[in-house]
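Here is a quick tour for anyone meeting this protein for the first time. Take a look at the sequence and the model, then read on.

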Amino acid sequence: MLRLLGWFFGFGMFMGLVAIGGVGYIIWTISEDLPDYTVLRDYQPPITSRVHAANGQLLAEFARERRLFQPIETVPAQVINAFVAVEDKAFFTHGGIAYDGVVRALRDNILQKIGGRSGPLVGASTITQQVAKNFLLTNEQTWDRKIREALLALKIESTFSKEKILELYLNEIFFGFNSYGIAAAAMNYFDKALYELTLSETAYLAALPKGPANYHPFRHPEAAITRRNHVINRMLEEGYVTQEQADIAKADSLDVVPRQNNTRIDSAAYFNEEVRRQLLSIYGEDKLYGGGLSVRTTLDPRLQTLARNALIKGLVEFDQTKGYRGAIKNLELGDDWGETVFSVEPLWDVPEWKVAIVLEMETNEAKIGIRPSSATNGKASEERITAQLPGGEMRWLAPKLNRVLEVGDVIFVEAVEGKEGIFTLKQIPKVEGALVAMDPRTGRVFAMVGGFSFANSQFNRATQALRQPGSSFKPIVYAAALDNGYTPASVVLDAPLEIINGDGSRWRPSNYSNQFYGPQTLRRGIERSRNVMTVRLAQDIGMPMVAEYARMFGIYDELLPVLAMALGAGETTDMRMTSAFATIANGGRRIVPTLIDRVQDRTGATIFRHDERLCDGCTVESWENQAEPLIIDNREQVLDPMTAYQITSMMEGVVQRGTARSVASLGRPVAGKTGTSSNYKDAWFIGFTPEMAVGIYVGFDIPGSMGRSATGGGLAAPIFTDFMKSALAGTQPTPFPIPAGMTQVWIDPTSGIRAVAGSAAILEGFKPGTGPNLVTSVIGVDSNAFLNIEAGNVDVNAGRGGLF
């Protein structure tokens, strides 16, 4: 019997050793195929890229996983205590595996199998094991994965400090609301930084990793509070909080306030999207959506809002002259008009406009219901606000309101200032436009509006719309002439001209007025926007030269050298035109527009800076009585500074005496040029002061005539004036600086001859070696023709180039 018992004992020992050996072999086999855990040393999680305005205000965030990396040194003790208490109470003492938890999990899993119950395996994962799983393994519920997890946890514990392991854990886990990492969760659930969280809020966040969907604050509020209170109780048991603190925290309501993008500047949507496109083209998707870029843009929030308001006002006012086109749609009121109208989305970037539905209709007044502004579980909230829409507030409409509206019409309305409960009818303008405002010294874009509403159309008309600049291109032609021997006093004939093209066709350019004015100085020609004079001038200097200047100014990459292009028949963008005028304002040094000042990577290192000027002495660490740093402007000089002043002065005349006289109401030095393309398809005004260059374009997206009244001076210039009045309010007028070496002489603007200072004479700037005309060379007049300058009599059929 004893021998038999001994045999059984020996056999049992043998089988035990075999089992242990088998388990050991399995573990050894698995350990030989473990992922490289040392990669955690260089952990760089995907981090949200953030875009800021020039004043630091947050504009936009770009991320696949919304994560803000939080170094463990900056995580409050309360946050650490909450996670340790509920996830791994022995974290600071175990070596990676909680063996009591493993035994408990084995027991529960065996009982589950014996009982035939289905379901996932019960885990006993420590924080270290969760790090191993989240970073290096999959989520599959298998024994193989659990063994790998445990082995990796032991290796991680032997390699990294507890603080580093916590840092990895707290920055990687998912909290719901597209929040990865504790810092993003605090921001997205409570709109707070970590140090601002209350005990109740901290406990709720610590409750989420177990199952964010199960503890959703709105779908499952009771479960969420129960789980939060469990965390608080665990903190109490571990001695992290007092009974009083726990009771107060558990009495708190959930108070989750999903972070609204309340830092978003609604008016900057086109600007933000253009920045996103540029960053994407430079750095690619991975770096933009996970590289943690910090982008400082050039946007001035105040100017952006003013620009948007000015453009919208101009577009709406013009659109209203064309009448009302009809409601957004017509809906059956049903039992609940609020639910009915809630189905129509408002324009989020035009928040002053509300969506409304017509409830009752009288002859010249309507009762309207305002769309509820909020929703619960996808349905309209209980708020129901009604208001009045009196026809008397809308003089642009038909005589009676009931001729254009009926019950059930869904419309846009805007509250009438100072009249509570009274609204006025609005409609999205059919005409579109763009406005760009930039610093003429650096090219930094202060404001950019690419259309009436980004919510309605994401097409950016400031950078993507190719339109004919019309007469706003003429300053480039005149600048080329002034840079090559002409003066503002040079005289060009304004008389009928016929151009015979290579195919035998004939082109007869004409002025806006369909009249001709005889010999005119270059100054008078640009002030009055004389088309025929411009064509004669371009013919005289040669279109290849004009094309080259257009390229140097950045207006066109390549311009077909035909005379029609001198009148702006080519296509370009508002951004390019504005930067070309900024180049003139900058004394002829090439301006390259930028929306981005600086880009930093996740470590804070600068990887892009727009300002490439050289600075000798800017990098010194301390001041030791040395001279101030010398900044060397290495930008291309595309125009002589004296020429730049001359063309600026001539464009001041456009405002003072020419086609943009309405701009003179600003009461400060302004230079600019109007532009109207053929058949009134495009209206432009590009203007600048020493502080700011602004370009405005207006036109239909599908080019079509806007009507004879839609000129640059009548449509675009008032938008410029409206914007600049507000933008420069409170600043002192600044004159345009005159380059050293130039002389100023009073001349007759018609003949270019020296004149006595007076109402008709103009103070003109001349380069060294030039001055007023002594005898007059008229471009476009045959040398055998007789010319009486003062009387303006000339043989309009004469040829080119006479000296008189």
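A helix here is a DSSP run of type H or I with at least four residues, and helices are numbered from the N terminus. Gln320, for instance, sits in helix H12, which covers residues 301-320. Keep in mind that this is a predicted model.

**The big picture**
- The protein has 20 helices and 31 strands.
- Of its 804 residues, 51% are buried.
- Take the contacts in the protein with a separation of 6 or more: 68% of them link residues 24 or more positions apart.

**Inside: the nonpolar cores**
- The largest nonpolar core is made of 80 residues, and the ones with the most contacts inside it are Leu279, Phe473, Tyr478, Leu537 and Phe553.
- Helix H14 (residues 474-482) gives this core its largest share, with 7 residues.
- Who does Tyr478 meet, once its neighbours within four places in sequence are left aside? Its contacts are Leu522, Gly525, Ile526, Arg530, Met533, Thr534, Leu537, Ile647 and Met650.
- There's also a second, separate core of 50 residues, with Val355, Val449, Met692 and Ile696 among them.

**Phe454, a residue in a loop**
- Look for Phe454 in the loop that runs between strand E16 (445-449) and H14.
- Is Phe454 buried or exposed? Its relative accessibility is 11%, so Phe454 counts as buried, the cut-off for buried being under 20%.
- Phe454 and Tyr270 are 184 residues apart in sequence, yet their C-alpha atoms are 6.4 Å apart in space.
- Setting aside neighbours within four places in sequence, Phe454 is in contact with Ala269, Tyr270, Glu273, Trp348 and Asp349.

**Back to Gln320**
- Gln320 has 17% relative accessibility and therefore counts as buried.
- Not counting residues up to four places away in sequence, Gln320 touches Trp396 and Lys426.

**Out on the surface**
- Leu614, Leu630 and Ile632 make a nonpolar surface patch of about 280 Å².
- Leu630 belongs to strand E24 (residues 630-632).
- Why does Leu630 count as exposed? Its relative accessibility is 52%, and exposed means over 50%.

Definitions and conventions
Residues are numbered from 1 along each chain as its sequence is written. This is a predicted model: local features need pLDDT of at least 70, side-chain atom pairs count only at pLDDT 80 or more; totals for chains, interfaces and linings use all residues. Side-chain values use heavy atoms; hydrogens and water are left out. Helices (H or I, at least four residues) and strands (E, at least two) are DSSP runs, numbered from the N terminus. Buried means under 20% relative accessible area, exposed over 50%, partly exposed in between (1.4 Å probe, protein chains only). Contact means heavy atoms within 4.5 Å. A nonpolar core is a set of buried Ala, Val, Leu, Ile, Met, Phe, Trp, Tyr and Cys residues joined through side-chain atoms within 4.5 Å. Patches are made of residues with over 30% relative accessible area and no salt bridge: like charges are joined within 9 Å, nonpolar side chains (Val, Leu, Ile, Met, Phe, Trp, Tyr) within 5 Å. Accessible areas come from the Shrake-Rupley method with a 1.4 Å probe; for residues, only the protein chains shown count as cover. A salt bridge is a side-chain nitrogen of Lys or Arg within 4 Å of a carboxyl oxygen of Asp or Glu.
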